[in-house]
Amino acid sequence: MLRFAGEAVSVDVSVADIRRARRRPGAPILQVSYGADQILFIYFVEPPPLPGTVPRRGPGARTKQRLSALKQLRAANRRLKEQIDGWSEAIREVAGR
């Protein structure tokens with residue numbers, strides 16, 4: 001049994017149920033597929049705000065917010081790529097994949 005725990009939630013996944021573990025291209029996110037059709041996304045940085053949660057400040061504000069979030073995710077991806085790949089490989093080894 002693997003336990004993925006965060007600040008607000010924890011998820012227990014049976015090792016036998018894991019089908020795939022991989023780093024999402026271009027983002028600091030580990031994707032773990034398990035069970036029939038369940039997917040767990042693990043962010044290694046704080047995810048960007050959801051649309052509509054940050055007030056707009058004039059024309060083009062939404063586009064600026066999206067570009068800023070994208071730049072932050074890409075920078076974190078470059079910084080954390082080896083660490084996330086290591087987690088992915090370790091999960092695959094434990095699951096025998």
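Residues are numbered from 1 along each chain as its sequence is written, and side-chain values rest on heavy atoms, with hydrogens and water left out. Since the model is predicted, local features need pLDDT of at least 70 and side-chain atom pairs count only at pLDDT 80 or more, while totals for chains, interfaces and linings use all residues.

Three strands form an open sheet in the order β3-β4-β5, with antiparallel pairing. The edge strands are β3 and β5, each of which pairs on one side only. From one strand to the next, the twist averages 15°. Strands (E, at least two residues) and helices (H or I, at least four) are DSSP runs numbered from the N terminus, and two strands pair if DSSP finds at least two bridges between them.

Strand β4 covers residues 29-34, and six of its six residues are buried, so the strand is largely enclosed by the rest of the structure. Buried means under 20% relative accessible area, exposed means over 50%, and partly exposed lies in between (1.4 Å probe, protein chains only). I29, Q31 and S33 point one way from β4, whereas L30, V32 and Y34 point the other way.

On one side, β4 is joined by five bridges to the antiparallel strand β3 (residues 18-23). Within this pairing, R22 stands opposite Q31, and A21 stands opposite V32. The hairpin of β3 and β4 has five residues between the strands, and G26 takes a positive phi near 80° there. Six bridges join β4 to β5 (residues 38-43), again in antiparallel fashion. The hairpin of β4 and β5 has three residues between the strands, and in this hairpin G35 takes a positive phi near 65°.

With a relative accessibility of 6%, S33 counts as buried. Leaving aside residues up to four places away in sequence, S33 touches D17, I18, R19, R20, Q38 and I39, where contact means heavy atoms within 4.5 Å.

Helix α1 (residues 61-95) lies across β3 and β4 and runs at about 165° to β3. For such angles, axes are lines fitted to C-alpha atoms, for helices over the stretch in contact, and the values run from 0 to 180 degrees between N-to-C directions.

Elsewhere, D12 is found in strand β2 (residues 10-13). D12 is partly exposed, with a relative accessible area of 40%. Although D12 and M1 are eleven residues apart along the chain, their C-alpha atoms are separated by 6.5 Å. Apart from residues up to four places away in sequence, D12 touches M1, L2 and R3. The side chains of D12 and R3 are joined by a polar contact of 2.7 Å; this term denotes a pair of N or O atoms within 3.5 Å, where within protein one must be able to donate a hydrogen and the other to accept it, and residues adjacent in sequence count only if both atoms are side-chain atoms.

Finally, the largest pocket has a volume of about 470 Å³. Of the 16 residues that line this pocket, F4, A5, G6, I42 and Y43 are the closest to its centre. The elements that give two or more residues to the lining are β1 (2-5), β2, β5 and α1. β5 gives the most, with four residues. On a 1 Å grid over the protein atoms alone, a pocket is an open set of points where a 1.4 Å probe fits, with protein on both sides within 12 Å along at least five of seven lines; lining residues have an atom within 4 Å of a point. Grid points are joined across faces, edges and corners, and a volume is the space filled by probe spheres set on the points.
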